[in-house]
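Here are some friendly notes to read alongside the model. Please keep the sequence and the 3D view open as you go through the points.

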There are 2 protein chains.
Amino acid sequence: MVERRSPIKVGEAVRRVMEWKQLGEIEYVDIDACDRRFLGKPLVADHDVPPFDRSPYDGFAVRSEDTADATSDSPVFLEVIDEIGAGQVSPFRVGKMEAIRIMTGAAIPEGADCVVMLELVHEEKKDGKTFIAIKRPFQKHDNISFKGEDAKKGQPLIEEGIQINPGVKALLATFGYAKVPVVKPPVVGVLATGSELLNVDEELVPGKIRNSNLYMIASQIERAGGKVKTYGQCADDVDSVLNAVKTAYKECDIVITTGGVSVGDFDYLPEIYRQMKAEVLFNKIAMRPGSVTTAAVLNGKMLFGLSGNPSACYVGFELYVRPLIRYWLHSSKPYLRQGKAFLQSEFPKANPFSRFVRSRVFYGEDGKLHVKPVGLDKSNVVTSLAWSDCLMVLPGGTRGFGSGDLVDVLFLEDNTGSESWWEESKRSSK
Amino acid sequence: MVERRSPIKVGEAVRRVMEWKQLGEIEYVDIDACDRRFLGKPLVADHDVPPFDRSPYDGFAVRSEDTADATSDSPVFLEVIDEIGAGQVSPFRVGKMEAIRIMTGAAIPEGADCVVMLELVHEEKKDGKTFIAIKRPFQKHDNISFKGEDAKKGQPLIEEGIQINPGVKALLATFGYAKVPVVKPPVVGVLATGSELLNVDEELVPGKIRNSNLYMIASQIERAGGKVKTYGQCADDVDSVLNAVKTAYKECDIVITTGGVSVGDFDYLPEIYRQMKAEVLFNKIAMRPGSVTTAAVLNGKMLFGLSGNPSACYVGFELYVRPLIRYWLHSSKPYLRQGKAFLQSEFPKANPFSRFVRSRVFYGEDGKLHVKPVGLDKSNVVTSLAWSDCLMVLPGGTRGFGSGDLVDVLFLEDNTGSESWWEESKRSSK
């Protein structure tokens, strides 16, 4: 029997999935192991940065008033009374016509109100004392990095859910996070189904292809920030798939299967969800590729049935599973980052379904963003996935799209994200 | 004594570093461990994809000529003589007025030249036989994914030096790469110097700050694709730094120190390079931040002396060390990816040095790229690094820059890269 399915809109499908979003727990990891993890708590400055007034240059700390009459013909001579290296604090106060030699990063000594760079002075020895000749006036506060100018104590610097990159890590070190609060990633189980699937190390035989979805999805899960648990591949057999899905359900936070979701006799995911008493959230979406993407929920835990076609599987993951993972990781921007780009291609035929075309963006010399599809635009294609860095969105409707049209793009390799899903943000921007 | 240094142009500094570029060796890793590694050999299709003509849908394989007269009022009835699941090959040939039930991904049987989707037919049983009613004509080749339409045997698909992402991994699986040739990353040694540096777990004391550069650079090395080896932090003391640098030189492919590169008394990197008999390639660059960035070479191995100031250190790494690492990883685009964006800020003062301003890009609703600086634009600032996703380039010269100006940006979180360095590509585009 052919099951009748009514397609829902992509935005509605996203909304139904995100009703089941959950926040992950916090764990602490060594700062050396925090790269690319997601910050579990906001990072607030617990002290001023810099923590004291300091010199950004090698030079001399002086009183600006002493330099007021300096000219190149008639330099002012100041006596050097101390020398402070980085990390040191001078016990002396800079008095009238005095200077203290200061290194980059060292604290400005008492009495001084500006720094004269080393390159701008001439040193002279006289009667066992050292003097510097200054040839122009300096202003109060010249060449001083002030306490708190970079960050003030109590200032929120980084929100939770941000992926830790080199700059964030530098801040963590600055504020003494030897242990960093990060979010425990969701464990995402993956099972590929299909009697046509060979293992990656098997020779091709007629009618069969190697399983690529399992590896692809594992890589997508890791890119999204999840932890992968693979359950291998299953032939198209309800009992063995059911057993594997039940095991994955017990051991994982999210379960993904690929294949078995179409409307044919051998597409048994609906049957499995029935047997598990999972509530099916949708099984048909007005999108291409991936219209047969299925989502179900059981006791608050999500089960995704992605298409067995590589491109459809890929897109289904990015649109529906990724935001759930990013939200789990405390991100306030769990959706793919959006942009607008000028289409450099023709899609003359209208399509009632919204299309997500594997594409690449180009940054033009004119400051504009351009986008081109890569490879064949078919759901069962695999090569174009390797070349794409974005999905071009061609909304379903009555018209085609042509060269020069401004279209939406969703960035795949970006970690910034968007606060709202593409369709919602279109509504709110109108 | 103040050393006199003549600044060289950024492009010249990049050129001098890249004269010492080296290609890394290949190693094989399990496909499960290849994520984010760099492909060591080009990926060439070793078979057609798909490997056989197949059905993209669940449906029936038929002969188009048999459907020529089909209408909804007068459907054509074809006898279903076999059923093939995915991975199966039918032993039968589709003859006149016959059909074979076919699942998504299964091989098109002999005799058939098109596929009718399951949803479009009506099945009927009669005398123990199954028939389908077809209500409109189909054309030869309708709904067939042809052998080789995605990729032809022998077609080069991915060049070496590409970072493996989910799409590339899917291709690797498709072509049976159970073991994947990747490039052994360069081992990059890092040592932070400066008597002002506290460990990340130490309490602040007057005059001192916590070491953030070591953690930041380690994270930058990993993002670039290198392998980090840290040598901790050293006080400003020639002998102890010399020993640490010598050890790192023996154990690593590239050595980075931070701090000790300015022109002051305690800036001893020049002395260390002299003692090691390393050839200094430059010690002053016409850029901000990072003008004191130093590079030296000894027996073909690079030693970098980056600034102790976080922003200067960060920029120095991205401009000079990153391309060396990416080239090592066989990338043909080792430089930061470039774009043009509209400035949303004012930099009224001209600067003789080229400025690399920590910034963020925004994708406008108008299809244009916009860029804004983040935080304070000073070399010793650390907070802005956490917020930036690009460096805005303001070339040195006689004019300032204002809102709406089209400026260059270098993307920090992108993995595409550029073939040529920013200044070279400006020349070639003129």
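In which helix is Ile217(B) found? The first point takes that up, after a word on the basis of the notes. This is a predicted model, in which local features need pLDDT of at least 70 and side-chain atom pairs count only at pLDDT 80 or more, while totals for chains, interfaces and linings use all residues. Residues are numbered from 1 along each chain as its sequence is written, chains are lettered from A and ligands numbered from 1 in the order in which they are written, and side-chain values use heavy atoms, with hydrogens and water left out.

1. Ile217(B) sits in helix H3 (residues 213-224) of chain B. Helices (H or I, at least four residues) and strands (E, at least two) are DSSP runs, numbered from the N terminus. With 0% relative accessibility, Ile217(B) counts as buried; buried means under 20% relative accessible area, exposed over 50%, and partly exposed in between (1.4 Å probe, protein chains only). Leaving aside residues up to four places away in sequence, Ile217(B) touches Val190(B), Ile256(B), Thr258(B), Leu306(B), Cys313(B) and Phe317(B), where contact means heavy atoms within 4.5 Å.

2. Now turn to chain A and helix H4 (residues 238-251). H4(A) has 14 residues and reaches 20 Å from its first C-alpha to its last, close to the 20 Å expected at 1.5 Å a residue; the expected span is 1.5 Å times one less than the number of residues. Its buried residues are Val241(A), Leu242(A), Ala244(A), Val245(A), Ala248(A) and Tyr249(A). They cover an arc of only 170 degrees around the axis, so they lie on the same side of H4(A); the arc is that of the directions from the helix axis to the C-beta atoms. On the face turned away from that buried side you will find the exposed residues Asp239(A) and Lys250(A).

3. What covers the buried residues of H4(A)? Among the elements that do so are strands E11 (187-193), E14 (227-234) and E15 (254-258) of chain A, as well as helix H5 (269-276).

4. Strand E15(A) deserves a look of its own. Five of its five residues are buried, so E15(A) is largely enclosed by the rest of the structure. Ile254(A), Ile256(A) and Thr258(A) point one way from the strand, and Val255(A) and Thr257(A) the other way. E15(A) runs parallel to E11(A), with five bridges joining them, and Val190(A) stands opposite Ile256(A). Five bridges also join E15(A) to E19(A), again in parallel, and here Val255(A) stands opposite Leu303(A). Two strands pair if DSSP finds at least two bridges between them.

5. Next, the two chains together. The contact takes 102 residues from chain A and 102 residues from chain B. About 8,200 Å² is buried between them, 57% of it given by carbon and sulfur atoms; buried area is the accessible area (1.4 Å probe) that two parts lose on being put together, summed over both. Asp150(A), Pro166(A) and Tyr363(A) supply 8% of the area that chain A buries against chain B, more than any other three residues.

6. Finally, a loop residue. Ser291(A) lies between strand E17 (287-288) and E18 of chain A, and counts as buried at 10% relative accessibility. Residues that Ser291(A) touches, not counting those up to four places away in sequence, are Asn283(A), Lys284(A), Ile285(A) and Phe353(A).
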